[in-house]
Amino acid sequence: MWAALEILSQANFWAATIRIATPLIFGVLGALLCERAGVLNLGIEGIFVAGAMSGWLAVYLGLPLWGGVLVAALVGALFGLIHGVLTVPLGLSQHVTGIGVTLLATSIAYFGYRVAFPNVGTPPRIDAFPPLDLPLLRDVPFLGPILGQQTAFTLLAFACVIVLALVLARTPLGLALRAVGDNPEAVEAQGLSVVGLRIGAVMAGSALMALGGAFLTLSAFNAFYFGMINGRGWVCIALTVFASWRPGKALLGALLFGALDAYQLRLQTITGGAVPSQIFLMLPYLFSIAALVLLARRADYPRALMKPYFKGQR
Amino acid sequence: MIALTAPDQPDRPPHETRPLVLSLSGITKRFGSLVANDAIDLDVRAGEIVALLGENGAGKTTLMSILFGHYVADEGTVHIADAAGQLAPLPGGSAEAALRAGIGMVHQHFALAENLTGFENIVLGTVPLWRLGFGKATARAKVARLMKETGLEADLGVPVGRLSVGEQQRIEILKALYRDVRVLILDEPTAVLTPQEADGLAETVKALSKKGLAVIFISHKLHEVLALCERVVVLRGGAKVADRPTAGADRATLAELMVGREIPPRERAPATLGAPVLRLAGVDVGAPGERDRLEGADLELRGGEIIGIAGVSGNGQGALAALVAGLKAPRNGSCEIVGHAATRADPSARIGAGVGRIPEDRHRDGTIGALSVAENYVLETLAASENQRHGLLRRSAIRARAAQAIRDYDIRCPGPEAPIRALSGGNMQKVVLARVLERAPRLILAHQPTRGLDIGATTDVHRRLLAARGRGAGILLISEDLDELFALSDRIAVIHAGHLSPAMDAAGLDTRTVGLMMAGHSAEEAA
């Protein structure tokens, strides 16, 4: 029992929490940006895969690490454009289109990998983002080792939380984004373009999702594997509801999920096989389901979420 | 340029000398084979309040949508005065261009983002999107100045969704004025207001027009048009049929212009009271925190009378209607409906007991759009032997009865097999009405029975409700339209914040008293 609590005092546990949470932070921010504008983006799972694959491949082919990040973001934005065009001006079902984008992006990523490496068993590794070397923080007890294990990519995630929060709350653009997810007629009546805002939001949100995938290959695993995304995108969709579409709470939700995942890994080693490991693997997902059951009923969904808008029609 | 009408009114103020700010000429818009606007000319001068009058489908909304850039006209031009007063053509199809040219519109269904504050709604779209900040201080000062100048007050610091409808509308108007509009379009602005709020709005509009703002006032409430506007333009069937000063016009002439024929006056015999059909004593419906709830309601409705329930919607009308229709059970108190104690939510038991229901939203709760007219007609009595045998529908019998109803009620539709969603609102309501009245109900729940209907259809609904009253049915009429309530009701009760006032004799009431009670004053305070 004491051992189970002691985990919480290990710097290693907290470092792992942040590492696991980082791709989720990108994913939830991306999902909430799309949904704030009124578009559900279930392409997220596939966009994660495409971002992971394209960022890693770009670096493998010789681009610098940040170049890989940029490529992943552009690829994400491209899939966002597909989803946006199909769901916004054409008004197709957002569920069906999103799942289609997930299948398309996943398949293209796997196909691209197979074309690039026809006869390779283990994927080649790249030189990933190195751990941060922070001259002053390094020597701070506890905090030093935790941050010392993170990379600059993680800092980007935290920066994105702050930037997105500020943009949504404080800028004219954020105002327009929040309005278009609540009442597109209001946006139209004020002379702004509903289509432009929504497609823009979906593209930017999809770029963020792709960064979540790229983090896994460029900072965590240093290579691309099939099945490595493993439902992270879907978790982000659930965490978006948990976060009530707020960047700050998105960070909190991602960290909570990361902590549970890091905790169950360590719990497995303590119990030493007495309990099947699958039970522990379930824990973070059980948390997601419980959070949804408790919160989704009261959730204050953007009013125009999933409602296509056609100009001049009421 | 088109000459203004009414040269035969030399005693009117010389508004012909005021500068022209808006000129529509030959506006035509077709949707398929339907001509929604047929070569419409309309001139509006600075400081003028023009009423745009017409029934549903007459083309008012289409014309304004063209002006505001939602639609592009097939033919015709729109000219609007620029800052120097010179008329310049307005490019079609762009709300942004209309806004920049100085056209503001207060939509009937407010174009407000409910998750933003009033202030945020006002400045939305007035600052370039890529700017980092708002220039909030300047914007706030301007809004504050506007509020002071116009007397339009609203809480600008909370999300708009939490404000009252009246406040939301004031924000809509401020939103337009913030952009320095020269033409303000008000689309059915009083439909959702209490009479006092409507009076306040009228005062504001008059004050604004004195400052030179041109106002286009869309309404179908004739008394408002006569009180507020100096000129009235009437559309019928997409064409302009009249453009005249309101001076010298009365409600009957305007109504005839709108409908194109004479409106017979409603005839109302004195009430012959029968046995009670609805008795409520201390009835609570809905949880205490809910907005649409009923608390300690007492009411007795007898056969042969109409009790009108006045109130701004959302004050408990929904709970009352749900209770009578059997969609909700009373939480406390006793409720007796046509001689049966109603303790459970059981809609089919209510129908069996003789309750006829005309729901508030005929699309959502009254009909099923994909089913045919005939199927909708028998929807509430599927189990009856004339509609089914051994669990199979008797289709030909149903079709024959529906065809009969179509003839009796003059329902315009391709036939009993046509899907009901293809029908206009008025004809759809006639199907609902026919379904209810066919069973000769003892108690009729009429919840906003004429909402969205034109004058012709409204008169028809009223006539049939009065006929049902004459046959001895008790009618609970829930309405926001005071004209309707006073025209039909024997007694009127007012509902506010879940509390139902005692039913008062309609003959001794006036709209002012009822209006004050709708705003939450007690009967003593209001009298």
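A salt bridge is a side-chain nitrogen of Lys or Arg within 4 Å of a carboxyl oxygen of Asp or Glu. In this predicted model, local features need pLDDT of at least 70 and side-chain atom pairs count only at pLDDT 80 or more, while totals for chains, interfaces and linings use all residues. Residues are numbered from 1 along each chain as its sequence is written, chains are lettered from A and ligands numbered from 1 in the order in which they are written, and side-chain values use heavy atoms, with hydrogens and water left out. Over all chains, the whole structure contains 33 salt bridges.

**Between chains**
- Arg303(A) pairs with Glu114(B) in a salt bridge, with the closest N and O atoms 3.4 Å apart.
- The pair joins two chains, because Arg303(A) lies in the segment after helix H13 (277–295) of chain A and Glu114(B) in the loop between strand S6 (103–106) and helix H3 (118–123) of chain B; helices (H or I, at least four residues) and strands (E, at least two) are DSSP runs, numbered from the N terminus.
- Arg303(A) is partly exposed at 36% relative accessibility, and Glu114(B) is partly exposed at 30% (buried means under 20% relative accessible area, exposed over 50%, partly exposed in between; 1.4 Å probe, protein chains only).

**Within chain B**
- Glu300(B) and Arg279(B) form a salt bridge, their closest N and O atoms being 3.4 Å apart.
- Glu300(B) belongs to strand S12 (residues 294–302) and Arg279(B) to strand S11 (residues 276–285), so this pair ties together parts 21 residues apart in sequence.
- Asp460(B) and Arg464(B) meet in a salt bridge at 3.5 Å, N to O.
- Asp460(B) is buried at 13% relative accessible area, and Arg464(B) is buried at 19%.
- Glu48(B), Arg231(B), Lys240(B) and Asp243(B) are joined into one network by salt bridges that share partners.
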